[in-house]
Amino acid sequence: MRRHHLHLGAAMAVAVTLTAAGCTGTSGTAGSGRTADGLIDYLDYGDFGGGSAPQANYNPYNTATALGPTHYVFETLAVYNTTTCKAHPWLAAKWQWTDPKTLVLDMREGVKWNDGRPFSAKDVAFSYQLLKKHQALDSSGVWQHLSSVEATDADTVTMDFEKPGLSVLDRVLKVPIVPEHIWSKVKDPVAFTNAKDPVGTGPFGVKSFNPRELRIERNPDYWQADRVRVREIRFHKNDGGGTVDQLKLSRGEYDNNAIFVPDIKKSFVDRDPKHNRYWYPPGGSISVQMNLTKAPFDDQKFRRALTTAFDREKVINKGQLGYVRQASQTGLVVPGQDKWLPDGLKDKGRIGYDRSAAAAALTAAGYRKDSEGRRLGKDGKPLSFTFMVPSNMTSWLPSGEIVVDDLKALGFDVTLETPTPEVGNNDRDTGHFDMMFGAHGGTCNMFLNFSDPLSSKQTAPIGKPAPSNFVRWKDGETDRLLDDLQSAPDVAAQKKAIAGLTEVMTEKVPMIPLWYGAKWFQYQTDKAVGWPNNENPYAGPGDHMLIVTHLKPAGG
(Lines give C-alpha, C1' and ligand atoms only; values in the text may rest on other atoms or scores of the structure.)
Protein backbone atom coordinates (compact mmCIF):
# COMPACT_ATOMS: atom_id res chain seq x y z
CA MET A 1 0.00 0.00 0.00
CA ARG A 2 1.12 3.56 -0.68
CA ARG A 3 0.49 6.93 1.08
CA HIS A 4 0.31 10.86 0.87
CA HIS A 5 -0.94 14.42 2.19
CA LEU A 6 -2.30 17.99 1.87
CA HIS A 7 -3.29 20.25 -1.00
CA LEU A 8 -2.21 23.82 -1.60
CA GLY A 9 -4.17 26.73 -3.08
CA ALA A 10 -2.72 29.70 -4.96
CA ALA A 11 -3.75 33.12 -3.66
CA MET A 12 -4.52 34.82 -6.96
CA ALA A 13 -6.51 38.06 -7.12
CA VAL A 14 -6.93 38.38 -10.88
CA ALA A 15 -10.57 39.04 -11.74
CA VAL A 16 -12.04 36.50 -14.13
CA THR A 17 -15.29 36.47 -16.06
CA LEU A 18 -16.28 32.87 -15.83
CA THR A 19 -19.40 33.21 -17.94
CA ALA A 20 -17.35 34.59 -20.81
CA ALA A 21 -15.05 31.61 -20.50
CA GLY A 22 -17.93 29.32 -21.31
CA CYS A 23 -18.48 27.98 -17.81
CA THR A 24 -21.83 26.28 -17.36
CA GLY A 25 -21.68 25.42 -13.67
CA THR A 26 -21.62 21.64 -13.77
CA SER A 27 -21.25 20.85 -10.09
CA GLY A 28 -19.89 17.43 -9.22
CA THR A 29 -17.64 15.12 -11.19
CA ALA A 30 -18.46 12.15 -13.35
CA GLY A 31 -18.21 8.81 -11.65
CA SER A 32 -18.79 10.25 -8.22
CA GLY A 33 -21.05 8.61 -5.72
CA ARG A 34 -21.29 6.10 -2.96
CA THR A 35 -19.78 2.64 -3.09
CA ALA A 36 -21.54 -0.59 -2.16
CA ASP A 37 -19.76 -0.63 1.20
CA GLY A 38 -20.96 2.86 2.08
CA LEU A 39 -17.81 4.81 1.24
CA ILE A 40 -17.37 7.93 -0.86
CA ASP A 41 -15.87 6.61 -4.09
CA TYR A 42 -13.41 9.49 -4.48
CA LEU A 43 -13.00 13.22 -3.91
CA ASP A 44 -11.20 15.69 -6.14
CA TYR A 45 -8.90 18.17 -4.41
CA GLY A 46 -6.61 20.92 -5.65
CA ASP A 47 -2.86 21.20 -6.06
CA PHE A 48 -0.36 18.84 -4.41
CA GLY A 49 2.76 21.05 -4.45
CA GLY A 50 6.18 20.28 -5.83
CA GLY A 51 6.43 23.25 -8.17
CA SER A 52 6.10 23.18 -11.94
CA ALA A 53 7.91 19.84 -12.30
CA PRO A 54 6.94 17.82 -9.21
CA GLN A 55 8.88 14.71 -8.25
CA ALA A 56 7.71 11.93 -5.94
CA ASN A 57 8.87 12.92 -2.45
CA TYR A 58 7.17 11.73 0.72
CA ASN A 59 9.81 12.59 3.28
CA PRO A 60 7.66 14.30 5.95
CA TYR A 61 10.64 16.25 7.26
CA ASN A 62 11.54 17.81 3.91
CA THR A 63 8.85 20.44 4.21
CA ALA A 64 10.09 22.41 1.20
CA THR A 65 10.00 19.52 -1.27
CA ALA A 66 7.64 16.85 0.08
CA LEU A 67 4.38 16.62 -1.83
CA GLY A 68 1.32 17.85 0.00
CA PRO A 69 -0.56 14.59 0.67
CA THR A 70 2.35 13.32 2.81
CA HIS A 71 0.33 14.49 5.81
CA TYR A 72 -2.19 11.74 5.14
CA VAL A 73 0.53 9.10 5.42
CA PHE A 74 2.47 10.17 8.51
CA GLU A 75 0.81 11.10 11.77
CA THR A 76 1.79 13.09 14.84
CA LEU A 77 1.33 12.61 18.55
CA ALA A 78 -1.41 15.23 18.65
CA VAL A 79 -3.56 17.02 16.08
CA TYR A 80 -4.65 20.61 16.68
CA ASN A 81 -7.79 22.37 15.56
CA THR A 82 -6.13 25.52 14.23
CA THR A 83 -9.37 27.50 14.55
CA THR A 84 -10.10 26.83 18.22
CA CYS A 85 -6.59 25.59 19.16
CA LYS A 86 -8.06 22.51 20.81
CA ALA A 87 -5.56 19.63 21.01
CA HIS A 88 -6.76 16.16 19.96
CA PRO A 89 -4.71 13.19 21.21
CA TRP A 90 -3.65 11.19 18.16
CA LEU A 91 -0.79 8.68 18.21
CA ALA A 92 -0.42 9.68 21.84
CA ALA A 93 -3.63 8.68 23.63
CA LYS A 94 -2.88 11.04 26.53
CA TRP A 95 -0.09 12.94 28.24
CA GLN A 96 0.65 14.65 31.52
CA TRP A 97 3.28 16.96 32.99
CA THR A 98 5.06 15.42 35.95
CA ASP A 99 6.82 18.74 36.41
CA PRO A 100 7.10 21.86 34.19
CA LYS A 101 10.02 20.34 32.28
CA THR A 102 8.93 16.69 32.03
CA LEU A 103 6.14 15.34 29.84
CA VAL A 104 5.03 11.69 29.91
CA LEU A 105 2.99 10.40 26.96
CA ASP A 106 1.06 7.15 26.67
CA MET A 107 1.00 5.77 23.14
CA ARG A 108 -2.24 4.63 21.55
CA GLU A 109 -2.82 0.89 21.50
CA GLY A 110 -3.61 -1.08 18.36
CA VAL A 111 -1.80 1.19 15.88
CA LYS A 112 0.06 -0.46 12.99
CA TRP A 113 2.28 0.75 10.22
CA ASN A 114 0.73 0.21 6.80
CA ASP A 115 3.15 -2.65 6.16
CA GLY A 116 1.57 -4.53 9.07
CA ARG A 117 4.33 -3.96 11.66
CA PRO A 118 3.21 -2.72 15.10
CA PHE A 119 3.76 0.90 16.09
CA SER A 120 5.47 1.50 19.45
CA ALA A 121 7.03 4.15 21.67
CA LYS A 122 10.42 3.19 20.19
CA ASP A 123 9.31 4.59 16.83
CA VAL A 124 8.47 7.89 18.51
CA ALA A 125 11.78 8.16 20.32
CA PHE A 126 13.61 7.20 17.11
CA SER A 127 11.79 9.91 15.10
CA TYR A 128 12.75 12.65 17.54
CA GLN A 129 16.32 11.41 17.81
CA LEU A 130 16.50 11.42 14.01
CA LEU A 131 15.83 15.16 14.02
CA LYS A 132 18.43 15.69 16.71
CA LYS A 133 21.06 13.80 14.71
CA HIS A 134 20.15 15.46 11.39
CA GLN A 135 19.40 19.08 12.22
CA ALA A 136 18.42 19.88 8.64
CA LEU A 137 15.27 17.79 9.20
CA ASP A 138 14.27 19.72 12.32
CA SER A 139 12.49 22.46 10.39
CA SER A 140 10.32 23.48 13.35
CA GLY A 141 13.28 23.61 15.72
CA VAL A 142 11.96 21.27 18.41
CA TRP A 143 15.46 20.50 19.65
CA GLN A 144 15.85 24.12 20.64
CA HIS A 145 13.49 23.20 23.45
CA LEU A 146 14.04 19.50 24.15
CA SER A 147 16.87 17.95 26.11
CA SER A 148 15.87 14.30 25.65
CA VAL A 149 13.15 12.01 24.28
CA GLU A 150 13.15 8.40 25.44
CA ALA A 151 10.90 5.36 25.22
CA THR A 152 10.66 4.25 28.83
CA ASP A 153 8.73 1.16 27.76
CA ALA A 154 6.86 -0.09 24.67
CA ASP A 155 3.91 2.24 25.31
CA THR A 156 5.41 5.26 27.06
CA VAL A 157 7.56 8.18 25.94
CA THR A 158 9.16 10.71 28.28
CA MET A 159 10.20 14.12 27.02
CA ASP A 160 12.50 16.41 28.99
CA PHE A 161 12.61 20.11 28.12
CA GLU A 162 15.42 22.62 28.59
CA LYS A 163 12.90 25.05 30.12
CA PRO A 164 9.25 24.69 31.12
CA GLY A 165 7.71 23.30 27.95
CA LEU A 166 4.11 24.45 28.07
CA SER A 167 4.66 27.34 25.64
CA VAL A 168 6.04 25.10 22.88
CA LEU A 169 3.93 21.98 23.47
CA ASP A 170 1.96 22.17 20.22
CA ARG A 171 5.18 22.60 18.25
CA VAL A 172 6.78 19.57 19.85
CA LEU A 173 3.75 17.29 19.51
CA LYS A 174 3.41 17.95 15.77
CA VAL A 175 6.56 16.10 14.69
CA PRO A 176 5.71 13.41 12.08
CA ILE A 177 6.47 9.91 13.36
CA VAL A 178 8.30 7.50 11.02
CA PRO A 179 8.96 3.74 11.38
CA GLU A 180 12.30 2.85 12.92
CA HIS A 181 12.44 -0.44 11.02
CA ILE A 182 12.49 1.50 7.72
CA TRP A 183 14.31 4.73 8.49
CA SER A 184 17.09 3.20 10.58
CA LYS A 185 18.36 1.66 7.34
CA VAL A 186 18.34 4.95 5.41
CA LYS A 187 21.91 6.18 4.87
CA ASP A 188 21.03 9.83 4.25
CA PRO A 189 17.65 10.80 5.77
CA VAL A 190 18.07 14.40 4.62
CA ALA A 191 18.27 13.44 0.94
CA PHE A 192 15.83 10.52 1.28
CA THR A 193 12.74 11.10 -0.89
CA ASN A 194 10.85 8.07 0.44
CA ALA A 195 9.34 7.85 -3.02
CA LYS A 196 8.45 4.15 -3.17
CA ASP A 197 5.55 2.88 -1.07
CA PRO A 198 6.05 5.16 1.98
CA VAL A 199 5.25 3.38 5.24
CA GLY A 200 3.18 5.36 7.73
CA THR A 201 0.40 4.98 10.26
CA GLY A 202 -1.99 7.36 8.50
CA PRO A 203 -5.42 6.91 6.95
CA PHE A 204 -4.15 6.88 3.35
CA GLY A 205 -1.34 5.53 1.23
CA VAL A 206 0.01 6.68 -2.12
CA LYS A 207 -1.82 4.91 -4.94
CA SER A 208 -0.34 6.57 -8.01
CA PHE A 209 1.60 9.65 -9.05
CA ASN A 210 2.43 11.54 -12.20
CA PRO A 211 3.32 15.22 -12.62
CA ARG A 212 -0.32 16.10 -13.24
CA GLU A 213 -2.21 13.96 -10.71
CA LEU A 214 -1.54 12.29 -7.39
CA ARG A 215 -3.95 9.74 -5.94
CA ILE A 216 -4.04 8.41 -2.41
CA GLU A 217 -6.10 5.42 -1.28
CA ARG A 218 -7.73 4.51 1.99
CA ASN A 219 -5.78 2.32 4.42
CA PRO A 220 -8.31 -0.33 5.53
CA ASP A 221 -6.13 -1.24 8.52
CA TYR A 222 -5.92 2.32 9.83
CA TRP A 223 -6.41 2.47 13.62
CA GLN A 224 -9.61 4.50 13.20
CA ALA A 225 -10.62 3.22 9.77
CA ASP A 226 -14.28 3.27 10.78
CA ARG A 227 -14.09 7.08 10.75
CA VAL A 228 -12.55 7.33 7.27
CA ARG A 229 -15.37 7.13 4.72
CA VAL A 230 -13.42 8.23 1.62
CA ARG A 231 -11.95 5.50 -0.58
CA GLU A 232 -9.69 7.75 -2.66
CA ILE A 233 -8.58 11.39 -2.90
CA ARG A 234 -7.26 12.78 -6.17
CA PHE A 235 -5.03 15.86 -6.23
CA HIS A 236 -4.61 17.81 -9.46
CA LYS A 237 -1.67 19.91 -10.62
CA ASN A 238 -2.57 23.51 -11.22
CA ASP A 239 -0.60 24.19 -14.39
CA GLY A 240 -2.66 27.13 -15.58
CA GLY A 241 -2.42 29.42 -12.57
CA GLY A 242 -5.14 30.87 -10.40
CA THR A 243 -7.49 31.84 -13.23
CA VAL A 244 -7.67 28.27 -14.53
CA ASP A 245 -8.21 26.85 -11.06
CA GLN A 246 -11.00 29.36 -10.45
CA LEU A 247 -12.67 28.24 -13.65
CA LYS A 248 -12.37 24.57 -12.69
CA LEU A 249 -13.80 25.31 -9.26
CA SER A 250 -16.80 27.08 -10.77
CA ARG A 251 -17.45 24.11 -13.06
CA GLY A 252 -17.59 21.75 -10.11
CA GLU A 253 -14.32 19.95 -10.83
CA TYR A 254 -13.15 20.18 -7.22
CA ASP A 255 -14.86 18.80 -4.16
CA ASN A 256 -12.46 20.84 -2.05
CA ASN A 257 -9.90 23.52 -2.78
CA ALA A 258 -8.20 26.47 -1.11
CA ILE A 259 -7.77 29.29 -3.60
CA PHE A 260 -8.54 32.98 -3.84
CA VAL A 261 -11.65 33.69 -5.93
CA PRO A 262 -12.51 37.32 -6.77
CA ASP A 263 -16.31 36.97 -6.47
CA ILE A 264 -16.93 33.70 -4.67
CA LYS A 265 -20.69 34.08 -4.49
CA LYS A 266 -21.23 34.79 -8.16
CA SER A 267 -18.57 32.51 -9.58
CA PHE A 268 -19.06 29.53 -7.26
CA VAL A 269 -21.94 29.59 -4.77
CA ASP A 270 -24.61 30.85 -7.18
CA ARG A 271 -23.75 28.14 -9.71
CA ASP A 272 -25.03 25.48 -7.34
CA PRO A 273 -26.48 27.13 -4.22
CA LYS A 274 -27.56 23.76 -2.83
CA HIS A 275 -24.08 22.26 -2.72
CA ASN A 276 -21.40 24.92 -3.19
CA ARG A 277 -20.03 26.42 0.02
CA TYR A 278 -17.07 28.39 1.29
CA TRP A 279 -15.61 29.32 4.68
CA TYR A 280 -12.84 31.86 5.22
CA PRO A 281 -11.81 31.91 8.91
CA PRO A 282 -9.14 34.43 9.95
CA GLY A 283 -5.49 33.49 9.86
CA GLY A 284 -2.45 35.54 10.77
CA SER A 285 -2.19 39.32 10.78
CA ILE A 286 -1.25 41.14 7.58
CA SER A 287 0.67 44.21 8.68
CA VAL A 288 2.32 47.29 7.31
CA GLN A 289 5.94 46.52 8.12
CA MET A 290 8.69 49.12 8.11
CA ASN A 291 12.45 48.80 7.93
CA LEU A 292 13.25 49.84 11.48
CA THR A 293 16.92 50.44 10.69
CA LYS A 294 15.99 53.46 8.56
CA ALA A 295 14.65 56.92 9.36
CA PRO A 296 11.85 57.84 9.84
CA PHE A 297 10.70 54.28 10.56
CA ASP A 298 13.09 54.00 13.50
CA ASP A 299 11.10 56.72 15.31
CA GLN A 300 8.42 55.34 17.65
CA LYS A 301 6.39 58.55 17.43
CA PHE A 302 6.37 58.31 13.63
CA ARG A 303 5.12 54.73 13.74
CA ARG A 304 2.44 55.51 16.30
CA ALA A 305 1.22 58.40 14.17
CA LEU A 306 0.66 56.01 11.27
CA THR A 307 -1.61 53.66 13.25
CA THR A 308 -4.65 55.80 12.30
CA ALA A 309 -3.40 56.60 8.79
CA PHE A 310 -4.83 53.60 6.95
CA ASP A 311 -8.42 53.18 5.84
CA ARG A 312 -8.80 49.60 7.01
CA GLU A 313 -12.47 49.45 6.04
CA LYS A 314 -11.58 50.31 2.45
CA VAL A 315 -8.72 47.80 2.51
CA ILE A 316 -11.09 45.10 3.72
CA ASN A 317 -14.06 45.84 1.47
CA LYS A 318 -12.28 46.86 -1.72
CA GLY A 319 -8.76 45.53 -1.44
CA GLN A 320 -9.80 42.20 0.08
CA LEU A 321 -13.35 42.01 -1.35
CA GLY A 322 -14.96 41.83 2.08
CA TYR A 323 -13.54 38.36 2.76
CA VAL A 324 -11.49 39.37 5.80
CA ARG A 325 -11.73 41.06 9.20
CA GLN A 326 -9.87 43.98 10.72
CA ALA A 327 -6.83 43.00 12.76
CA SER A 328 -6.01 44.07 16.29
CA GLN A 329 -2.89 46.14 16.91
CA THR A 330 -2.08 43.68 19.72
CA GLY A 331 -0.92 41.00 17.28
CA LEU A 332 -3.62 38.65 18.59
CA VAL A 333 -6.39 37.19 16.43
CA VAL A 334 -9.66 38.39 17.90
CA PRO A 335 -12.15 37.21 18.87
CA GLY A 336 -10.55 33.74 18.79
CA GLN A 337 -7.67 34.73 21.11
CA ASP A 338 -9.67 37.04 23.37
CA LYS A 339 -8.60 35.18 26.48
CA TRP A 340 -5.08 36.57 26.05
CA LEU A 341 -6.16 40.22 25.79
CA PRO A 342 -5.27 42.50 28.72
CA ASP A 343 -8.20 44.04 30.58
CA GLY A 344 -9.52 47.43 29.58
CA LEU A 345 -8.25 47.48 26.00
CA LYS A 346 -10.52 49.55 23.78
CA ASP A 347 -12.26 47.59 21.01
CA LYS A 348 -9.89 44.66 21.53
CA GLY A 349 -7.01 46.71 20.17
CA ARG A 350 -8.62 47.52 16.81
CA ILE A 351 -7.74 51.02 15.63
CA GLY A 352 -9.99 53.26 13.55
CA TYR A 353 -9.15 55.38 10.52
CA ASP A 354 -8.51 59.05 11.29
CA ARG A 355 -6.37 60.86 8.72
CA SER A 356 -6.59 64.17 10.59
CA ALA A 357 -5.32 62.56 13.77
CA ALA A 358 -2.46 60.93 11.86
CA ALA A 359 -1.50 64.23 10.25
CA ALA A 360 -1.58 66.06 13.58
CA ALA A 361 0.50 63.36 15.27
CA LEU A 362 3.08 63.45 12.50
CA THR A 363 3.41 67.22 12.77
CA ALA A 364 3.67 67.03 16.56
CA ALA A 365 6.41 64.41 16.18
CA GLY A 366 8.47 66.78 14.00
CA TYR A 367 7.32 65.71 10.55
CA ARG A 368 5.70 68.90 9.28
CA LYS A 369 4.54 69.82 5.77
CA ASP A 370 6.14 72.44 3.55
CA SER A 371 4.29 75.06 1.51
CA GLU A 372 3.77 72.54 -1.28
CA GLY A 373 2.10 70.03 1.02
CA ARG A 374 5.08 67.68 1.12
CA ARG A 375 5.74 65.85 4.39
CA LEU A 376 9.27 66.58 5.58
CA GLY A 377 11.72 64.57 7.62
CA LYS A 378 13.41 66.01 10.66
CA ASP A 379 16.25 67.09 8.38
CA GLY A 380 13.83 69.33 6.50
CA LYS A 381 13.92 67.24 3.31
CA PRO A 382 10.79 65.72 1.70
CA LEU A 383 10.20 62.14 2.75
CA SER A 384 10.28 59.66 -0.09
CA PHE A 385 10.13 55.88 0.16
CA THR A 386 8.80 52.73 -1.50
CA PHE A 387 6.09 50.24 -0.56
CA MET A 388 6.87 46.72 -1.74
CA VAL A 389 4.35 44.07 -2.78
CA PRO A 390 5.88 41.16 -4.76
CA SER A 391 4.18 40.64 -8.10
CA ASN A 392 2.94 37.15 -7.21
CA MET A 393 0.99 38.47 -4.20
CA THR A 394 -1.85 39.61 -6.43
CA SER A 395 -4.43 39.38 -3.65
CA TRP A 396 -2.37 42.01 -1.76
CA LEU A 397 -1.81 44.43 -4.64
CA PRO A 398 -5.18 46.26 -4.44
CA SER A 399 -4.66 46.76 -0.70
CA GLY A 400 -1.13 47.99 -1.36
CA GLU A 401 -2.52 50.62 -3.71
CA ILE A 402 -4.94 51.81 -1.01
CA VAL A 403 -2.16 52.02 1.58
CA VAL A 404 0.05 53.99 -0.82
CA ASP A 405 -2.81 56.41 -1.53
CA ASP A 406 -3.34 56.89 2.21
CA LEU A 407 0.34 57.70 2.67
CA LYS A 408 0.34 60.10 -0.27
CA ALA A 409 -2.67 61.87 1.25
CA LEU A 410 -0.49 62.64 4.27
CA GLY A 411 2.14 64.28 2.05
CA PHE A 412 4.57 61.41 1.58
CA ASP A 413 6.18 60.64 -1.77
CA VAL A 414 5.53 56.90 -2.02
CA THR A 415 6.07 54.50 -4.91
CA LEU A 416 4.48 51.05 -5.11
CA GLU A 417 7.11 48.47 -6.07
CA THR A 418 6.10 45.05 -7.46
CA PRO A 419 9.31 43.02 -7.83
CA THR A 420 9.42 39.39 -8.89
CA PRO A 421 8.88 36.90 -6.05
CA GLU A 422 12.57 36.01 -6.01
CA VAL A 423 13.72 39.62 -5.78
CA GLY A 424 10.99 40.57 -3.33
CA ASN A 425 11.71 37.69 -0.96
CA ASN A 426 15.43 38.37 -1.06
CA ASP A 427 14.95 42.09 -0.38
CA ARG A 428 12.59 41.27 2.50
CA ASP A 429 14.95 38.73 4.03
CA THR A 430 18.06 40.91 3.76
CA GLY A 431 16.39 44.15 4.83
CA HIS A 432 16.56 45.98 1.51
CA PHE A 433 13.12 47.59 1.64
CA ASP A 434 11.37 50.63 3.09
CA MET A 435 7.79 49.46 3.71
CA MET A 436 5.92 46.30 2.79
CA PHE A 437 3.14 43.94 3.82
CA GLY A 438 4.11 41.08 6.10
CA ALA A 439 2.23 38.13 7.58
CA HIS A 440 2.73 36.94 11.16
CA GLY A 441 0.99 35.15 14.02
CA GLY A 442 -2.33 33.38 13.84
CA THR A 443 -1.09 30.00 15.09
CA CYS A 444 -1.98 28.14 18.26
CA ASN A 445 1.51 28.71 19.64
CA MET A 446 1.49 32.06 21.39
CA PHE A 447 5.24 32.06 21.88
CA LEU A 448 5.89 31.65 18.15
CA ASN A 449 3.19 34.18 17.27
CA PHE A 450 5.25 36.87 19.01
CA SER A 451 8.80 35.53 18.83
CA ASP A 452 8.89 34.95 15.07
CA PRO A 453 8.23 38.61 14.14
CA LEU A 454 9.71 40.29 17.25
CA SER A 455 12.56 38.29 18.78
CA SER A 456 16.05 39.70 18.26
CA LYS A 457 17.15 36.09 17.78
CA GLN A 458 15.03 35.97 14.63
CA THR A 459 16.65 38.92 12.88
CA ALA A 460 20.01 39.68 11.25
CA PRO A 461 22.15 42.63 10.16
CA ILE A 462 21.17 44.37 6.94
CA GLY A 463 22.46 42.35 4.01
CA LYS A 464 22.11 39.00 5.75
CA PRO A 465 18.88 36.96 5.69
CA ALA A 466 16.71 37.18 8.78
CA PRO A 467 14.79 34.02 9.73
CA SER A 468 11.49 35.81 10.39
CA ASN A 469 12.01 39.20 12.12
CA PHE A 470 12.34 41.06 8.83
CA VAL A 471 11.67 44.52 10.28
CA ARG A 472 14.84 44.15 12.43
CA TRP A 473 13.05 44.84 15.72
CA LYS A 474 15.52 44.78 18.61
CA ASP A 475 14.13 45.60 22.02
CA GLY A 476 15.30 44.41 25.42
CA GLU A 477 11.83 44.52 26.96
CA THR A 478 10.43 42.40 24.13
CA ASP A 479 13.15 39.78 24.52
CA ARG A 480 12.63 39.64 28.28
CA LEU A 481 8.88 39.14 27.84
CA LEU A 482 9.49 36.43 25.25
CA ASP A 483 11.82 34.67 27.69
CA ASP A 484 9.11 34.92 30.34
CA LEU A 485 6.54 33.49 27.95
CA GLN A 486 8.78 30.65 26.87
CA SER A 487 9.55 29.75 30.49
CA ALA A 488 5.99 30.16 31.79
CA PRO A 489 5.07 27.14 33.94
CA ASP A 490 1.32 27.79 33.76
CA VAL A 491 -1.37 29.74 31.92
CA ALA A 492 -1.37 32.61 34.43
CA ALA A 493 2.31 33.27 33.77
CA GLN A 494 1.69 33.03 30.03
CA LYS A 495 -1.08 35.63 30.23
CA LYS A 496 1.14 38.05 32.11
CA ALA A 497 3.89 37.82 29.49
CA ILE A 498 1.43 38.09 26.60
CA ALA A 499 -0.15 41.18 28.17
CA GLY A 500 3.29 42.77 28.15
CA LEU A 501 3.87 41.82 24.52
CA THR A 502 0.52 43.28 23.45
CA GLU A 503 1.58 46.51 25.16
CA VAL A 504 4.79 46.51 23.13
CA MET A 505 2.70 46.16 19.99
CA THR A 506 0.29 48.96 20.91
CA GLU A 507 2.77 51.41 22.43
CA LYS A 508 6.04 50.85 20.57
CA VAL A 509 4.38 49.79 17.30
CA PRO A 510 7.01 47.56 15.69
CA MET A 511 4.44 46.99 12.90
CA ILE A 512 0.86 47.97 12.10
CA PRO A 513 -1.64 45.09 11.59
CA LEU A 514 -4.43 45.89 9.12
CA TRP A 515 -6.38 42.70 8.46
CA TYR A 516 -6.36 38.97 9.15
CA GLY A 517 -5.42 36.92 6.15
CA ALA A 518 -8.27 34.65 5.15
CA LYS A 519 -7.83 30.89 5.14
CA TRP A 520 -9.38 30.07 1.77
CA PHE A 521 -11.63 27.01 1.84
CA GLN A 522 -14.20 25.98 -0.77
CA TYR A 523 -16.13 22.73 -0.75
CA GLN A 524 -19.08 20.88 -2.29
CA THR A 525 -21.65 18.78 -0.48
CA ASP A 526 -23.04 16.74 -3.38
CA LYS A 527 -20.69 13.81 -2.61
CA ALA A 528 -19.48 14.42 0.93
CA VAL A 529 -20.92 16.19 3.95
CA GLY A 530 -19.39 17.07 7.29
CA TRP A 531 -17.00 19.78 6.17
CA PRO A 532 -16.00 22.31 8.85
CA ASN A 533 -17.64 25.71 8.65
CA ASN A 534 -18.46 28.78 10.72
CA GLU A 535 -21.30 26.97 12.50
CA ASN A 536 -19.20 23.89 13.22
CA PRO A 537 -15.50 24.86 13.34
CA TYR A 538 -14.32 21.43 14.51
CA ALA A 539 -11.26 21.93 12.30
CA GLY A 540 -9.48 24.65 10.40
CA PRO A 541 -9.25 24.54 6.57
CA GLY A 542 -5.81 22.91 6.70
CA ASP A 543 -6.54 20.39 9.47
CA HIS A 544 -6.71 17.47 7.07
CA MET A 545 -6.71 14.61 9.59
CA LEU A 546 -9.65 16.08 11.48
CA ILE A 547 -11.56 16.78 8.28
CA VAL A 548 -11.10 13.37 6.67
CA THR A 549 -12.26 11.62 9.86
CA HIS A 550 -15.47 13.70 9.88
CA LEU A 551 -16.58 13.41 6.24
CA LYS A 552 -19.51 11.17 5.39
CA PRO A 553 -21.25 10.27 2.13
CA ALA A 554 -23.97 12.72 1.16
CA GLY A 555 -27.46 11.43 1.73
CA GLY A 556 -26.56 8.77 4.24
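I count a charge as sitting over a ring if NZ of Lys or CZ of Arg is within 6 Å of the ring centre and within 35 degrees of the ring normal. The model I looked at is a predicted one.

**Entry 1, charges over rings.** I looked up R234 and found its charged end over the ring of Y42, 3.6 Å from the centre. I then looked up K174, whose charged end sits over the ring of Y80 at 5.8 Å from the centre.

I found 29 aromatic pairs in the structure. I took Y45 and F235 from these: the pair is edge-to-face, with 5.5 Å centre to centre and 90° between the planes. Y45 belongs to strand β1 (residues 43-45) and F235 to strand β10 (residues 232-236), so this pair ties together parts 190 residues apart in sequence. I noted both Y45 and F235 as buried.

Y278 is partly exposed, at 37% relative accessible area. Y280 is buried, at 10%.

I followed Y278 to its bridge partner in β18, which is Q522. Strand β18 (residues 522-524) pairs with β12 in the antiparallel sense over 3 bridges. I noted an open, antiparallel sheet of 3 strands in the order β11-β18-β12. Its edge strands, β11 (256-257) and β12 (276-278), each pair on one side only.

Definitions and conventions:
Residues are numbered from 1 along each chain as its sequence is written. This is a predicted model: local features need pLDDT of at least 70, side-chain atom pairs count only at pLDDT 80 or more; totals for chains, interfaces and linings use all residues. Side-chain values use heavy atoms; hydrogens and water are left out. Two strands pair if DSSP finds at least two bridges between them. Helices (H or I, at least four residues) and strands (E, at least two) are DSSP runs, numbered from the N terminus. Rings of Phe, Tyr and Trp (its six-membered ring) pair if their centres lie within 6.5 Å; planes under 30 degrees apart count as stacked, over 60 as edge-to-face and the rest as tilted. Buried means under 20% relative accessible area, exposed over 50%, partly exposed in between (1.4 Å probe, protein chains only).
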